[in-house]
Amino acid sequence: MFLLILASILIGILGLWYYKFFHYYGYLKKIPAPTVWPVLGNAIEFHDNDAFLINLERNFRQLNTKTLRIHLPTQTVIMTKEYKLIEYILGSQQLINKGFEYDFFLNWLGLSVFTSSGQQWRSKRKMLTPTFHFQILEQFHDVFNKNGAVLVNKLKKQIGTPGFDVYPYSTLCTLDVICETAMGTSVNAQLEEDSAYVKAISVMGKIVPARAVNLMYSSDFLYKFTAMYKEEQEHIAYVRNYHNNIIQNRRKKFMEEQKSKLVDIDEDDLGRKKKVPFLDLLIQTTIDGQPLSDEEIASEVATFMFAGHDTTSGTLSFALYALGNHPEVQQKCFEELKDIFGDDKERPSTLADIQEMKYLELVIKETLRMYPAAPNFTRTVLEDFTVDGITYPKGITIGIAAYGIHHDEEIYPNPEKFDPERFSRERNDGKKPFAFIPFSAGPRNCIGQKFAMLELKTLLSTILRNVEVKPASPVHKLNLVPSIVLKSTNGIKIAVAERKYK
């Protein structure tokens with residue numbers, strides 16, 4: 001009897017797989033695909049997150065296509081770096097629901113602007129957009145300066161060594177920045193590296209991508225029986241408790257200030273404009289006259305912590321790696337900074353200084369092209385649509401290969417060359433805006449991209465005025481993998497020397 005039941009289950013699974021395969025195949029047969037195995041589909045080739053980018057680019061190349069059909073045991077995924085299709089998807093007001101893998105963030109982030117869909121997302125986005133107005137962001141500039149100075153002092157301790165992984169330094173710095181700007185508190189991550197909060201954030205950043213590529217972990221039912229699930233729950237509980245305590249304390253303080261009217265929340269004791277962290281803005285926000293619940297606020301705070309931390313630290317590290325390997329580009333950056341600051345390496349930058357860093361901005365853009373923080377991101381198709389004679393049916397997932405289109409030689413000639421001036425006005429006509437998508441594009445573009453650019457320019461300018469970045473010895477080659485964000489499994493190694501002013 002048991003064998004009969006087991007056989008029936010297996011036959012049912014196989015039948016369902018073949019039904020879904022041929023259903024989607026009828027629509028998508030014109031799109032090339034690697035060899036598809038029954039039930040497993042292409043899971044053997046694409047189950048390894050470390051090799052995903054390599055295998056994806058290899059299949060694009062071998063099958064001579066910019067759009068690829070991938071069948072997984074439970075999903076059909078279309079991966080594309082075709083400009084016309086990307087433009088249609090990202091420009092659509094209907095294709096705004098993210099792919100299935102974003103569900104793995106729910107335990108951690110809850111229903112935030114990052115994970116929600118449809119009208120719920122539209123409401124959250126409308127609510128948060130004023131929070132990222134430049135006049136609000138500019139108040140955080142001294143936070144960037146302060147933590148950049150701490151980072152410089154730590155990097156200077158590596159002067160004279162043949163090389164070191166800069167990513168741990170960058171990630172602790174950006175964690176300090178986002179804690180202070182999002183929550184109004186500091187975990188002093190750069191000075192207290194063994195912090196439980198730092199560890200919890202780091203572990204969660206590894207669990208989500210692991211679930212996305214492992215069949216057992218991706219099943220909510222099976223996942224609950226694993227050691228990883230237990231570890232995840234422990235870290236989530238710690239982070240939520242940490243956030244909730246801060247939220248409740250700041251809400252209480254805000255209510256007391258509002259009640260007494262004795263404290264002007266817009267100014268400090270010296271009459272200067274106070275920094276108002278994102279958390280305080282959320283506490284003051286209402287939807288239809290009702291304040292946000294602690295749970296709603298906690299979800300957005302957790303999202304700020306995730307999105308504003310790992311993405312920026314990766315870009316900062318990759319930029320330093322690129323500058324170390326391209327001394328002529330670094331020299332141009334330094335000459336620009338000398339024009340702004342003279343020989344004064346100690347003066348904190350101002351917003352006016354940041355606006356003058358035109359070439360450094362090109363460097364950051366070229367870094368984001370070569371090393372996009374989100375190398376791939378997905379959308380779920382809710383209604384059939386047709387592009388170039390191919391109908392993409394309801395139910396499939398479409399993956400936007402940002403890394404792929406950023407390295408398309410038809411759009412970016414000599415794509416492996418680090419060439420910041422390809423983004424200059426003289427060479428970039430702006431006719432293909434959806435070919436540069438490090439922050440996505442269209443309705444669901446990254447709400448924090450101005451924050452990220454301001455932070456990156458401040459940190460990079462602070463570093464380059466104080467140390468000269470050099471290649472690590474021996475020569476270090478990156479091993480890129482699409483974790484939650486783009487990372488290098490063997491680190492991002494550089495060397496540094498004392499900056500000399502002539």
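Biologist: In S13, what is the bridge partner of Asp-165?

Modeller: In this predicted model, Asp-165 is bridged to Lys-493 of S13. Strands (E, at least two residues) and helices (H or I, at least four) are DSSP runs numbered from the N terminus, and two strands pair if DSSP finds at least two bridges between them. S3 and strand S13 (residues 493–498) run antiparallel and are joined by two bridges; Phe-164 has Ile-494 as its partner in S13.

Biologist: What should I know about numbering and confidence?

Modeller: Residues are numbered from 1 along each chain as its sequence is written, and side-chain values use heavy atoms, with hydrogens and water left out. Because the model is predicted, local features need pLDDT of at least 70 and side-chain atom pairs count only at pLDDT 80 or more, while totals for chains, interfaces and linings use all residues.

Biologist: How many bridges join S10 to S13?

Modeller: Five bridges join them, and these two strands are antiparallel as well.

Biologist: What describes a pair of packed helices?

Modeller: Two values do: the angle between the axes and the distance between them. Axes are lines fitted to C-alpha atoms, for helices over the stretch in contact, and angles run from 0 to 180 degrees between N-to-C directions. Here helix H16 (residues 310–325) and helix H19 (residues 358–370) have axes that come within 9 Å and cross at roughly 105°. That makes H16 roughly perpendicular to H19; the scale counts under 35 degrees as roughly parallel, over 145 as roughly antiparallel, 65 to 115 as roughly perpendicular and the rest as oblique. H16 brings Thr-315, Phe-318, Ala-319 and Leu-323 to the contact, and H19 brings Val-363, Thr-367 and Leu-368. By class, five of the contact residues are nonpolar, two are polar and none is charged. Ala, Val, Leu, Ile, Met, Phe, Trp, Tyr, Cys and Pro count as nonpolar, Asp, Glu, Lys and Arg as charged, and the others, Gly among them, as polar.

Biologist: How many cavities of 30 Å³ or more does the structure hold?

Modeller: Two. On a 1 Å grid over the protein atoms alone, a cavity is a set of points where a 1.4 Å probe fits but cannot get out; a pocket is an open set with protein on both sides within 12 Å along at least five of seven lines; lining residues have an atom within 4 Å of a point. Grid points are joined across faces, edges and corners, and a volume is the space filled by probe spheres set on them. The second largest cavity has about 40 Å³ of space. H16 gives the most to its lining, five residues. The lining includes Thr-315 and Phe-318, along with Tyr-371 and Leu-486, and divides into six nonpolar, three polar and one charged residue.

Biologist: Which residues lie nearest the centre of the second largest pocket?

Modeller: Leu-362, Lys-365, Phe-423, Asn-428 and Phe-436, out of 32 lining residues. Helix H18 (351–356), H19 and H21 are the elements that give two or more residues to this lining, and H21 gives the most, with five. The pocket holds about 990 Å³ of space, and its lining has 15 nonpolar, six polar and eleven charged residues.

Methods. Contact means heavy atoms within 4.5 Å.
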